Amino acid sequence: MNKLSLIIKREYLAKVRNKSFVIMTFLSPILMVAMVVLVAYLAQVNDNESRVIGILNESDFFSNDFVASETTSFVDFKNVSLQEAKDSIASLGFDGLLYIPQDSNLRAVTKRSFFYTKDAPPAQIVQRLENTFQERLRQERLIEMGITAADFAKMDAHFEINTETFSGETNLKGINEIKAFIGGGFGYLIMMFIIIYGGFVMRSVIEEKTSRIIEVIISSVKPFQLMLGKIIGTSLAGITQFAIWIVSAGILLLISFAVFDIDPSVMNTGVTVAPNMGPSLPTVDQTMQLYAQELFKIPWVMLITFFLIYFVLGYLIYSSIYAAIGAAVDNETDTQQFIFPIILPLMLAIYVGFFSVFSNPHGPIAVGFSLFPLTSPIVMLMRLPGGIGEGGVPIWELVTSIILLIVTFIGIVWLAAKIYRVGIL
């Protein structure tokens, strides 16, 4: 064990004292924060960008249908020809001209209407105009069928079915998806860490294979100890750098948002909750409170604890695979063809997680991939926000998954040591 600790210490110090390691440790958070701030700033500018659309309405319809919003305003043109309106739009720099011609009925008017722009129009503007036309046409058809405006309003009222658990607790739509997204975020973090730092171990193994000092080391240390020490030492160096990135990037991000007056909500997709029309249903504010309560009920301490466990075990397994590849080849160029087979299980885990855990978190596919060692660090984390035990992940599945990860890690390290020994001798 003393030799193992010396190897771990040597590998760790060799990595953290490397000039490129130190430079990227402090430079990467700055680059990442700069990219995030730029994206947030552009999103905020895009949301606040105002659009002006001219309307030349020669018909007796759509007199009050186009209402200005925070980002879109409408300017009416009166007593001008179509060509004069086009010239005015071009000279004023408006975003487009909506031409509604005169005709005897609504259907004929809509068929002959045109939206003129200098270039291809933005999809959201076209969609808004089409929705306005579509709504009027639908109302017109219903009125022709003898349905009054009041009847139409009643018919178009939104409906949501009441759902509860057998114990009487209110079920919320999309809460399972939100929980899976939270777990998926942790899993994605593991995948990115493996992709970034997995090659560290492989390059370290290749470097020592080509160095004469390995002949001295291998005479006093068992290949298994050497391989295990290199994996753990290099992994600790990567975790150190990653932790510095998270802390420094978080602080820089908060400072940047405050300095540039950027609203973080512009980057949130959120969950849209439709307003409820029924008198017995909760209001939007009450519904959002229920969602907040459900998110607060997530066992965050347990989730973060198991995230750290799967984070470490998942990285150790994949770093040992990288080490086995490094032991099998003679130079880094030969390793390129092995990179995709390593990343493939990680991609599969993300795919299975989002398309299986969302719909059936306790189904055979989700359970199977949460036990399989190469995919369990990601898929199991997507299932854990639902809790452990009754209604959540069974304890035996969680324990089995961790045991399989540990056994697989030891087995791959043993195999890598054998390959390493044969490659050297």
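Tutor: In the largest nonpolar core, which has 64 residues, Met227, Ile231, Tyr310 and Leu384 touch the most other members. A nonpolar core here is a set of buried Ala, Val, Leu, Ile, Met, Phe, Trp, Tyr and Cys residues joined through side-chain atoms within 4.5 Å, with buried meaning under 20% relative accessible area (1.4 Å probe, protein chains only). Helices H1, H7, H9, H11, H12, H14 and H15 each supply at least two residues of this core, and H11 (300–328) gives the largest share, 17 residues. Helices are DSSP runs of H or I, at least four residues, numbered from the N terminus. Keep in mind that this is a predicted model: local features need pLDDT of at least 70, side-chain atom pairs count only at pLDDT 80 or more, and totals for chains, interfaces and linings use all residues. Residues are numbered from 1 along each chain, and side-chain values use heavy atoms, without hydrogens or water.

Tyr310 touches, among others, Ile190, Ser376, Met380, Leu384 and Leu405, leaving out residues up to four places away in sequence; contact means heavy atoms within 4.5 Å. Another core, of 14 residues including Ile53 and Phe62, lies apart from the largest one.

Now the helix pair: H13 (residues 364–371) and H14 pack at about 130°, axes 7 Å apart, the axes being lines fitted to C-alpha atoms over the stretch in contact, with angles from 0 to 180 degrees between N-to-C directions. Ala366, Val367, Phe369, Ser370 and Leu371 in H13 meet Ser376, Val379, Met380 and Arg383 in H14.

Definitions and conventions: Buried means under 20% relative accessible area, exposed over 50%, partly exposed in between (1.4 Å probe, protein chains only).
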